[in-house]
Amino acid sequence: MAAVDISVTPDAGEGKFAVLRKLLFGKVSTTIAFITVLLFCILAIFAPWIAPYDPLKQSFLSINKYPSLQYWLGTDQFGRDVLSRLIHGSRTSLLFGLIAPACAAVIGTTLGVLAGFFGGLIDRIVSKMIDLMMAFPELLLAIIVSAALGGGFWNVVLVLTIAFVPGFARVARASTLAVRQEPYIEASMAIGVKTPVIIFRHVVPNIAAPIVLLWTLWIASAIRLEAALSFLGIGTQPPAASWGNIIREGLGNVFGSPWPIIGAGLAITTIVLSINLIGDAARDMLDPNSSER
Amino acid sequence: MPSLIASKLLDAIPTLWLVLTLVFVALRILPGDPALVALGDFATPEQLALFREQAGLDAPLWQQYFAFLWDVVTFDFGNSLITKESVAGVIGYNLPFTVALAIGATAIGVIIGVPFGVLAAVRKNKAPDQGMRVFSLVGYAIPDFYLGAVLLIVFALNLKLFPINGGGEGFWGQLYHLALPAITLAVLKIAFLGRLTRTALLEVLSKDYVRTAKAKGAPPKTVIYKHALRNALLPIVTGLGLSLLATLSGAVAVELVFNRPGLGSTLIKAIAERDYTLIQGAVVVFALMVVVVNLLVDVLYTIIDPRLGS
């Protein structure tokens, strides 16, 4: 639900850093959300040095331990430290969160710009594909594609990308249609600028803002979707740790210890909540009319 | 009106055809040989060839394609590769559980979400509105399978108020087994529908005819429910359609959490076992449901707002 139509370009009157500062430090809740995201990034980048134990090291002497000073979040059914697995899992989640929407942004924007700029048959085909794919809930689309492809890192990236492409294509198409009406495009055409140059020099930079915003909003969706797929057993495969498959394994051992589930779920909820808060604030700033408040 | 519904139905046919074609293409690139999966690693080449012949897998691709479309039209998906049961039978057994879950969750979502949204709109920026804001922020962020797992741990395992797994026997037993999974899926719906109702209602409440209604002395309840909410229904129904679609996929994870029979858990199990024919049947039925829900929303629009029909 984080995906929204953003077809306005931000007012370029203020400096970019001033806008960013106002966005991140304008409200207390957004600032806290920003710091939380930053903390998760630090955890993910420095995971091997921060995690107290090896996330894969099993120990039959300490299975299903409840939280203690030694193991802050307890251990799972193989005696692995839950906190260490969560910290390493944040790497998986953030990596998918950044890569998949980025791939989708590139492909979706290309399709959308082509459809919006050239119109005609290309537009009809792309629009029909977008409508068709938008009709499917992201997770269902991802499950169907996973059924065909199977797990593994790049397959999951591909699955998430396919699920996100239509959203980007739709926004890119709508923005391109708007930009195409501008006098400077007509002027460029009139003086004989080549079409690819018009697209890259004039169209793409002018629709970049909504696309970048959409990308940040969809980081949260990608993290959620990856977690859901891994929970269903068709995403990140064990023993590699991902928040989704930690919950899956935890559910199989729910009589042993509930702590892996509680910890991993809180991690997902916290990061998605934080990114959504920042996204809401950004949307309100870019388009005051969309504000529900 | 009937001609409009007919034209929407006709519109749905090419969509359906495109969806089925995509499903066919997607499943033909499935890694792993279905014959090898069905017969095991020790099958002789002759057995494998015989199986492929029987399953129609040795035919040219275009023949397979038309056979596939015909199977869908006649609702004949063959037999499961693992259990040898009829796929239509397996789906027929599981589908009602998923439909019951979707209806239960949507009912809770509407019954709580819409009045919650009305309250938030009427008491804008007061406690109910703030409550709605926090609830929807958390509701959007919390994954359904995590919420389900937490409810399971608290209410089924520790407090022992609800059953741990299964679909239940008899009407009351099924309702009892439905409670926790439906509540799990309903939380997101309450957040979504509540927020939607609030936004839609706030917009309508600023319209002239609402002011007129108030001015002529209509009681506030009548103004809100008769004049305002009815006109705010269109976006709410759109949202209802969207959220019903989301439930279809949400059901997959929640069915797995509560170890509940259903189309979602059937699909996931089939994927894990590479039960090719069952995957195909379940995916086709999911696709059909998506098309049907979209069609229903389209038809509902024209009933709510007759202007759209002309």
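Is Asp123(A) buried or exposed? At 14% relative accessibility, Asp123(A) counts as buried, because the cut-off for that class is under 20%. The points below concern a predicted model.

1. Overall make-up of chain A. Chain A contains 11 helices and 0 strands. Its elements, read from the N terminus, therefore run α-α-α-α-α-α-α-α-α-α-α. Along the principal axes, the C-alpha atoms of chain A occupy a box of roughly 80 × 45 × 35 Å.

2. Burial and contacts in chain A. Of the 293 residues in chain A, 52% are buried. Among the contacts of chain A with a separation of 6 or more, 71% are made by residues 24 or more positions apart. Chain A has an accessible surface of about 13500 Å², and carbon and sulfur atoms account for 68% of that surface.

3. Salt bridge of Asp123(A). The partner of Asp123(A) in a salt bridge is Arg173(A), with the closest N and O atoms 2.6 Å apart. Because Asp123(A) lies in helix H5 (residues 120-135) of chain A and Arg173(A) in helix H7 (residues 153-180) of chain A, the pair ties together parts that are 50 residues apart in sequence. The two partners fall in separate accessibility classes: Asp123(A) is buried at 14%, while Arg173(A) is partly exposed, with a relative accessible area of 23%.

4. The model holds 5 salt bridges over all chains. One of them joins Arg80(A) to Glu249(A), whose closest N and O atoms are 2.9 Å apart. This pair connects distant parts of the chain, 169 residues apart: Arg80(A) is in the loop between helix H3 (47-50) and helix H4 (82-118) of chain A, and Glu249(A) is in helix H10 (residues 243-252) of chain A. Both Arg80(A) and Glu249(A) are buried. Together with Arg85(A), these two residues are linked in a network of salt bridges.

5. Salt bridge in chain B. Arg198(B) and Asp129(B) form a salt bridge, the closest N and O atoms being 2.6 Å apart. The pair links distant parts of the chain, with Arg198(B) in helix H8 of chain B and Asp129(B) in helix H6 of chain B, 69 residues apart. Arg198(B) is buried, with a relative accessible area of 5%, and Asp129(B) also counts as buried, at 5% relative accessibility.

6. Extent of the interface. Contacts between the chains involve 45 residues of chain B and 39 residues of chain A. The area buried between chain B and chain A is about 3900 Å², and carbon and sulfur atoms give 77% of that area. Ala141(B), Phe145(B) and Tyr146(B) supply 16% of the area that chain B buries against chain A, more than any other three residues.

7. Composition of the interface. On the side of chain B that touches chain A, the elements giving two or more residues include helix H1 (2-28), helix H6 (127-141), helix H7 (144-158) and helix H8 (170-205) of chain B. H11(B) gives the most to this side, with 7 residues. By class, this side of chain B has 36 nonpolar, 4 polar and 5 charged residues.

8. Surroundings of Thr184(B). Thr184(B) belongs to helix H8 of chain B and counts as buried, at 2% relative accessibility. Its side chain reaches the backbone oxygen of Leu180(B) at 2.7 Å. Leaving aside residues up to four places away in sequence, Thr184(B) touches Asp144(B), Leu147(B), Gly148(B), Leu151(B), Val254(B) and Phe258(B).

9. Backbone angles in two loops of chain B. Most residues other than glycine have a negative phi. Lys84(B), which is not a glycine, has a positive phi of about 70° and lies in the loop between helix H4 (61-73) and helix H5 (87-122) of chain B. Asn259(B), likewise not a glycine, has a positive phi of about 50° and is found in the loop between helix H11 (233-257) and helix H12 (263-273) of chain B. Asn259(B) counts as exposed, at 51% relative accessibility.

10. A separated pair in chain B. Leu48(B) is found in helix H3 (residues 45-55) of chain B and is buried, with a relative accessible area of 11%. Leu48(B) and Ser249(B) are 201 residues apart along the chain, and their C-alpha atoms are separated by 35 Å.

Terms used:
Residues numbered from 1 in each chain as written. Chains lettered and ligands numbered in written order. Heavy atoms only, no water. Helix = DSSP H or I, 4+ residues; strand = E, 2+ residues; numbered from the N terminus. Buried < 20%, exposed > 50% of the residue type's maximum accessible area, 1.4 Å probe, protein only. Contact = heavy atoms within 4.5 Å. Buried area = accessible area lost by both parts, 1.4 Å probe. Nonpolar A, V, L, I, M, F, W, Y, C, P; charged D, E, K, R; others polar. Areas by Shrake-Rupley, 256 points an atom, 1.4 Å probe, with all protein chains shown as cover. Polar contact = N/O pair within 3.5 Å; in protein donor to acceptor, adjacent residues only side chain to side chain. Salt bridge = Lys/Arg side-chain N within 4 Å of Asp/Glu carboxyl O.
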